[in-house]
Amino acid sequence: MDLVVDDISKTYGQGAAARVAVTSASLTVGAQQLVSIVGPSGCGKSTLLMIMAGLLKPSSGRVALGERRVDGPPVGLSVVFQDYSRSLFPWMTVRRNLTMAAAAYRLPKAELKNRVEQALTSVGLPASGDLYPWQMSGGMQQRVAIARALVVEPTVMLMDEPFAAVDAQTRADLEDLVLRVRDEYKVTIAFVTHDIDEAVYLADRVVVMAAGPGRILEEIAIDLPKPRDQVETKLDPNFAALRSEVFRLVMRPGTTQKIS
Ligand code: ADP
């Protein structure tokens with residue numbers, strides 16, 4: 001299902017305290033595509049993602065998932081945040097955390113059980129259902145957070161800097177995990193990051209944002225071969241060319257937030 005962002009603007013506060021976070025942003029994430037949203041701190045990436053999730057109301061413009069307007073969290077949309085320790089309940093086992101995530105869907109017991117076990121297998125944690133999140137490493141907890149998002153069999157997954165807090169090796173594994181579950185669950189993904197390599201490696205398209213005020217600067221098609229591979233893809237001269245193109249846009253004068 002396409003996720004369409006149509007001329008979204010968002011201003012926080014009012015009067016003298018008003019702050020324009022995003023202005024006139026439009027983009028489409030096509031079905032089963034992965035679109036990365038990249039840009040400097042404060043350019044409105046998280047604001048835009050929260051509006052796409054139906055968690056924040058835009059000041060103007062509209063978001064649609066397929067034919068339906070998004071004006072609250074839609075069925076079949078999951079969000080994965082950077083801070084996995086806050087998306088999981090520490091006093092519940094992993095299995096219970098996943099079961100809770102689908103509570104509102106009122107699935108038959110057997111179906112729910114299958115989905116939970118399938119999601120854990122998909123994220124490489126088939127035998128971890130009885131553990132508590134605090135017994136796991138950060139990388140494992142973020143895998144659980146992804147499994148939690150998958151239990152509802154989402155059509156769209158929105159990810160807000162999900163791997164910013166893990167080490168480089170784990171990050172590479174988790175990036176490949178995202179690409180695998182995208183294919184396995186046929187899910188459409190918008191992925192916010194400030195890491196340019198990550199944005200290019202994962203995406204079908206990179207949306208580059210700029211700050212002051214937050215806006216979309218450009219969209220770049222990433223026509224690198226699939227499946228992506230951490231070594232081969234990054235050795236491809238086209239990868240280097242694309243990352244330089246994104247880097248130049250992100251670093252362009254007048255695109256970062258003024259510090260006053
Ligand atoms: P990014 O995710 O790219 O770092 P954000 O969407 O978090 O950007 O923020 C965009 C701008 O909006 C920033 O200037 C930030 O300070 C401001 N902002 C974000 N959230 C709020 C809020 N709740 N109230 C007021 N200003 C906010």
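Select Arg143 and Val123. The side chain of Arg143 reaches the backbone oxygen of Val123 at 2.8 Å. Arg143 sits in helix α5 (residues 138-150); helices are DSSP runs of H or I, at least four residues, numbered from the N terminus.

This is a predicted model, where local features need pLDDT of at least 70, side-chain atom pairs count only at pLDDT 80 or more, and totals for chains, interfaces and linings use all residues. Residues are numbered from 1 along each chain as its sequence is written, and side-chain values use heavy atoms, leaving out hydrogens and water.

Arg143 is buried yet has no salt bridge, and Asp173, the nearest side chain of opposite charge, is 4.5 Å away. Buried means under 20% relative accessible area, exposed over 50%, partly exposed in between (1.4 Å probe, protein chains only). A salt bridge puts a side-chain nitrogen of Lys or Arg within 4 Å of a carboxyl oxygen of Asp or Glu. For opposite charge, Lys and Arg count as positive and Asp and Glu as negative; His and the chain ends are not counted.

Next, select Asp204. Which residues pair with Asp204 in salt bridges? One is Arg182, with the closest N and O atoms 3.2 Å apart. Another is Lys226, at 2.6 Å between the closest N and O atoms. Asp204 lies in the loop between α7 and β9, and Lys226 in the loop between β10 (215-221) and α8 (232-235), so this pair ties together parts 22 residues apart in sequence. Asp204 is buried at 12% relative accessibility. Arg182 is buried too, at 5%.

Finish at Arg171, Glu175, Asp195 and Glu198. A network of salt bridges links these residues.

How values were computed: Helices (H or I, at least four residues) and strands (E, at least two) are DSSP runs, numbered from the N terminus. A polar contact is a pair of N or O atoms within 3.5 Å; within protein, one must be able to donate a hydrogen and the other to accept it, and residues adjacent in sequence count only if both atoms are side-chain atoms.
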